[in-house]
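Hello,

Here is the structure we talked about. Please open it next to this note and follow along.

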Number of protein chains: 2
Amino acid sequence: MILALAGGVGGARLARGLAAALAPEALTIIVNTGDDFEHLGLHVSPDIDTVMYTLAGLNNRQQGWGLAGESWAFMSALRRLGGATWFQLGDQDLATHVERTWRLKTQPLSAVTAEFCARLNVRHRVVPMTDDPVRTLVDTDEGRLAFQDYFVRRQSAPRFRAISLAGIEAARPHSALAAALADPALAAIVICPSNPVLSIRPILALPGITELLRRRRAPVVAVSPFIGGQAIKGPAAKIMHELGLPVSPAGLASFYGDLLDGLVIDRADAALAEGLAGPAIMATNTLMRDDADQERLARETLHFASRLHPMRRQPTPDEDIGRTRGLPIRPRPQIHSR
Amino acid sequence: MILALAGGVGGARLARGLAAALAPEALTIIVNTGDDFEHLGLHVSPDIDTVMYTLAGLNNRQQGWGLAGESWAFMSALRRLGGATWFQLGDQDLATHVERTWRLKTQPLSAVTAEFCARLNVRHRVVPMTDDPVRTLVDTDEGRLAFQDYFVRRQSAPRFRAISLAGIEAARPHSALAAALADPALAAIVICPSNPVLSIRPILALPGITELLRRRRAPVVAVSPFIGGQAIKGPAAKIMHELGLPVSPAGLASFYGDLLDGLVIDRADAALAEGLAGPAIMATNTLMRDDADQERLARETLHFASRLHPMRRQPTPDEDIGRTRGLPIRPRPQIHSR
């Protein structure tokens, strides 16, 4: 059994690769809900939708988000009425938001997600990290911004300082997440190449998850979202830089701390990882341009993970993921290039 | 000043004709909200939208309801997700429902309507009959049905018995309606050719309106929605029949009772109105196929009204519009054919 943690576009692509490589019962994909928000009274779950649409093969590959063959008659009519147009809602995509908002009156988000996935022939399990509301707030040099204000309206321009996760203390991790982490059959935990700070951190920050991960019996392998000091998509590199972390394997190893047993990086970054203490490293081609790339990277990541064992150690009380900046010195096999 | 009472398609067409004939400040159109409903969590105001779209010149003339050039990507996507598809929501039309629902969290329906009209360049005043919730329930031989269940889902098939107007006792008529009725400058009250039972009755049933109308100083003129024993659109004829009323000028005169000073009928029905006691009659071509028809019928109706005076009499306490079946014997000028 494989547990994948995913956010938006990059995470969705690797999730599709994992789904191509694994049977439905062998994969659980836990998706960030920190960037969920209410827009025009509709509940929008951007990361769930990106993962769901991508696994269904309905995603817009050029754009990265949204549906292929999307139309925009709603947005034109909304503009004509003087409505808010800073967040793009395609005509087809809107059905997801309207129907989800409607069903959320009587069902938890995970149930709605499961039903939508079934209708879209997504056979692997896609699970929101929690059914409780968690809202990522971004602390910037211009003050605290709601996630979509920062990410979409301001195009991630303000200087990033930290995230605050409203509701995180009261949020119960979805039972599928806790169950997967406790499952003796769990073979690996794959952190997909999503934004570490905005997409993965909220999942790790759910109550009890860091603790469960520290007691893991399966290795954690992250796939780097960076190639050559750049993020493939989105503001991840800018944010790492603004956090004082290098946009490199060392930066990711530092960010994830001793949560990481293995790190998959692009060949372009192999030199940067030479002699890096901490996680085992595998360098390969991490750019996912098509289905074949996704499946190949997924299979390589799974194979890499199968050769790792989690470091077992007792957590110290004052440790916390994301605050840990010093790299723990752990002699690990360095696995370069396949 | 002219006050028009309108429901859906037929009412909207005459309202557009009146708007073509009158300056913006000389016309107030009061629209039925009894068939408003919540669908998928969205507030839908079918009659307001039909009037607004028609006055804006955006309506679909073939279909009767909705917007011209509408697309249906939302509905296709909703069907794919297993959502309810019995009520058609076009992609453009949906912007009205989403944005209205959103604004209704902080504004009354009349304010939202006014803002939408301004954005759509509708310069004449379109006012919901009330800002309070009124919901038309249809009592049928199959029991009580919510309006849209009866009208759309069941295609008006069950035998009609009566309407119940949930919320009507507590509903305050919009101040524009009461103000227009009290306005010394009011020259006529035009009942548009909408369904008398489903569209006009809810307006007349608002607290105090029958009383205000009985004290009117301006004549009430209705334009018949029937031609040759048929409704031009919708179930009005079927409902009249099921109420035991003839689908004719006499049936309308009976339904509206002594509320009516004048009745505009189609030439095809002129013979049926011969010798009819009650309202003055004008027979003309009432079928509105295009803008020219609408404006001509509106101007003829206004001219007809200008020659009438309201019958003044004291209401008796047990009288009620719609219950009054006997035709009051009132000697009135019979104005046939223009």
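Below are the findings, starting with the interface and moving on to single residues.

The model is predicted, so local features need pLDDT of at least 70 and side-chain atom pairs count only at pLDDT 80 or more, while totals for chains, interfaces and linings use all residues. Residues are numbered from 1 along each chain as its sequence is written, chains are lettered from A and ligands numbered from 1 in the order in which they are written, and side-chain values use heavy atoms, with hydrogens and water left out.

**The interface**

Contact here means heavy atoms within 4.5 Å. On that rule, 29 residues of chain B meet 29 residues of chain A. Together the two chains bury about 2,500 Å². Buried area is the accessible area (1.4 Å probe) that two parts lose on being put together, summed over both. Carbon and sulfur atoms account for 66% of it.

Zero salt bridges are found between chain B and chain A (a salt bridge is a side-chain nitrogen of Lys or Arg within 4 Å of a carboxyl oxygen of Asp or Glu). Eight residue pairs are in polar contact across the interface, both residues at pLDDT 80 or more. A polar contact is a pair of N or O atoms within 3.5 Å; within protein, one must be able to donate a hydrogen and the other to accept it, and residues adjacent in sequence count only if both atoms are side-chain atoms.

Helix 3 (73-80), helix 4 (91-103) and helix 5 (109-119) of chain B each supply at least two residues of the side that touches chain A. Helices (H or I, at least four residues) and strands (E, at least two) are DSSP runs, numbered from the N terminus. Helix 4 of chain B gives the largest share, nine residues.

**A buried arginine**

A:Arg100 sits in helix 4 (residues 91-103) of chain A. Is A:Arg100 buried or exposed? A:Arg100 is buried, at a relative accessible area of 0%. Buried means under 20% relative accessible area, exposed over 50%, partly exposed in between (1.4 Å probe, protein chains only).

The side chains of A:Arg100 and A:Asp49 form a polar contact of 2.5 Å. Leaving aside neighbours within four places in sequence, A:Arg100 is also in contact with residues including A:His43, A:Ile48, A:Met52 and A:Phe116.

A:Ser45 is another contact of A:Arg100. A:Ser45 lies in the loop between strand 4 and helix 2 (46-55) of chain A. A:Ser45 is buried too, at 0%. Not counting residues up to four places away, A:Ser45 touches A:Asp36, A:Arg100 and A:Leu109.

**Backbone points**

Most residues other than glycine have a negative phi. A:Leu40 has a positive phi of about 55 degrees. A:Leu40 is in the loop between strand 3 (37-39) and strand 4 (42-44) of chain A, and is buried at 5% relative accessibility. B:Ser156 also has a positive phi, about 55 degrees. B:Ser156 is in the loop between helix 6 (147-153) and strand 8 (160-166) of chain B, and is buried at 5%.

**An enclosed helix**

Seven of the eight residues of helix 11 (residues 249-256) of chain B are buried, so this helix is largely enclosed by the rest of the structure. Among them are B:Leu252, B:Phe255 and B:Tyr256. Just after helix 11, B:Gly257 takes a positive phi of about 60 degrees.

Best wishes
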